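Trainee: I am new to this structure. Please walk me through how to read it.
Mentor: Gladly. Take a look first, then ask.

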Amino acid sequence: MLDGASITGRQDPPSPLALRDNEAHLFFTFTDDAAIDGLVPAYERLISDDERERMNRFRFAKDRRSFLVTRALARCVLARYVSCDPRDLAFGKNEHGRPELAYPASTRIAFNITHTSGLIILAVARQIEIGVDAEAVGEREVAAGIIGQVCSEEEIRAIAARPVELRERLFLERWTLKEAYFKARGTGLSQPMRCCSFDLDDDAVGVSFHPPLLDDPARWEFRMVVPGERHVAALCMSRTAASLHTLRCSRVVPLRSELAFAGVVPRMSAARASCVRACP
Ligand SMILES: CC(C)(COP(=O)(O)OP(=O)(O)OC[C@H]1O[C@@H](n2cnc3c(N)ncnc32)[C@H](O)[C@@H]1OP(=O)(O)O)[C@@H](O)C(=O)NCCC(=O)NCCS
């Protein structure tokens with residue numbers, strides 16, 4: 001049995017985590033966090049042989065490190081919901097490659113992961129479809145061609161109407177919302193991205209779907225999440241109740257620390273200014 005003492009020198013085993021219905025938890029790990037370097041050997045002891053083999057297939061050290069920290073985050077956090085040793089968790093995949101918990105089975109825990117330059121996010125909820133996506137700002141040129149491939153006519157007009165210096169962020173907001181949606185559906189990007197269209201203002205996120213994508217906006221809840229100046233992120237969850245999910249956000253260094261993440265300001269699906277608040 002792996003406990004806190006055997007990895008970190010702490011005596012206490014990690015505290016269990018509980019999820020209420022209509023609650024979602026977001027865990028943010030910033031991969032340039034200095035504490036991570038010293039924990040790499042402990043993370044290597046957490047992963048499975050299969051994960052080690054996948055990690056070693058990455059050519060660049062930064063990609064191997066990101067893969068390893070992602071596995072450590074997922075194992076350490078998810079084990080706390082199902083009260084098991086992080087090393088005992090087993091993961092399967094759906095037909096489109098979405099990771100799912102295979103052991104313990106029937107946990108009702110749904111999760112999704114995103115990683116981008118400098119940031120990993122793990123989103124967890126109970127028995128719903130959930131997808132999360134993050135992108136780093138200022139890392140690539142957003143050409144008109146890519147905007148045309150990804151965005152609907154309305155989105156293209158909304159982005160073009162804003163000052164040039166804002167357009168990358170405006171594009172990335174829509175990109176992350178679309179990816180989060182397709183990841184929540186579990187299909188990945190096998191569907192046309194232009195066929196879901198987002199209408200954003202300072203407070204709210206509206207969505208519409210166009211053929212061949214047939215879906216009901218009322219089935220879904222979207223959040224724009226701002227983890228800091230360097231990143232844009234979005235969360236999509238299937239709706240199970242009239243009220244929106246309560247979000248709890250934490251900043252985590254796996255095996256080391258977990259702090260409430262006060263830097264996140266979510267924009268919600270509902271068009272109510274009162275919904276905009278910092279996470280506790
Ligand atoms: C899932 C997908 C959207 C990932 O997008 P991305 O921006 O490159 O990467 P992100 O960091 O946001 O997400 C990657 C994580 O999403 C999860 N994921 C993988 N496939 C997924 C799917 N079908 N649905 C939801 N989540 C998925 C995994 O946890 C993955 O991280 P991991 O491999 O380290 O576990 C993209 O790879 C995809 O569309 N895959 C589906 C398969 C597919 O259509 N392939 C054809 C590609 S041309």
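**Reading the ligand shell and the fold**

Trainee: Which residues come nearest to the ligand?
Mentor: Keep in mind that this is a predicted model. Of the 18 residues around the ligand, the nearest are His96, Arg98, Thr114, Gly188 and Leu189.

Trainee: Which strands and helices supply at least two residues of that shell?
Mentor: Trace the shell back to the elements. Strand S4 (109–116), strand S6 (130–136) and helix H7 (167–185) each supply at least two residues. S4 gives the most, with 4 residues.

Trainee: Now the whole chain. How many helices and strands does the protein chain have?
Mentor: The protein chain has 7 helices and 13 strands. Its radius of gyration is 19 Å, close to the 19 Å that the globule rule gives for 280 residues, so the chain is as compact as a globular protein of that length. Along its principal axes, the C-alpha trace spans about 55 × 40 × 35 Å.

Trainee: What percentage of the 280 residues is buried?
Mentor: Count the buried residues over the chain. They make up 37% of the 280 residues.

Trainee: How do I read a sheet? In what order do the 5 strands run?
Mentor: Go across the sheet, strand by strand. The order is S4-S5-S1-S11-S12, in an open sheet with mixed pairing. S4 and strand S12 (257–260) are the edge strands, and each pairs on one side only. From one strand to the next, the twist averages 20 degrees.

Trainee: In which sense do S1 and S5 pair, parallel or antiparallel?
Mentor: Start with a general idea. In a regular strand, side chains alternate between the two faces of the sheet. Now the case here. Strand S1 (residues 23–30) pairs with strand S5 (residues 119–126) in the antiparallel sense, over 7 bridges. Phenylalanine 30 stands opposite leucine 119 in S5.

Trainee: What joins S7 to S8?
Mentor: A hairpin does, through 4 residues. Strand S7 (residues 196–200) and strand S8 (residues 205–209) pair in the antiparallel sense over 5 bridges. Across this pair, aspartate 199 stands opposite glycine 206 in S8.

Note on methods:
Residues are numbered from 1 along each chain as its sequence is written. This is a predicted model: local features need pLDDT of at least 70, side-chain atom pairs count only at pLDDT 80 or more; totals for chains, interfaces and linings use all residues. A residue is near a molecule or strand if its C-beta atom, placed from the backbone, lies within 6 Å of it. The radius of gyration is taken over C-alpha atoms; the globule rule is 2.2 Å times the number of residues to the power 0.38. A residue is buried if 20 or more other C-beta atoms lie within 10 Å of its own, exposed if 12 or fewer, and partly exposed in between; C-beta atoms are placed from the backbone. Two strands pair if DSSP finds at least two bridges between them. Axes are lines fitted to C-alpha atoms, for helices over the stretch in contact, and angles run from 0 to 180 degrees between N-to-C directions.
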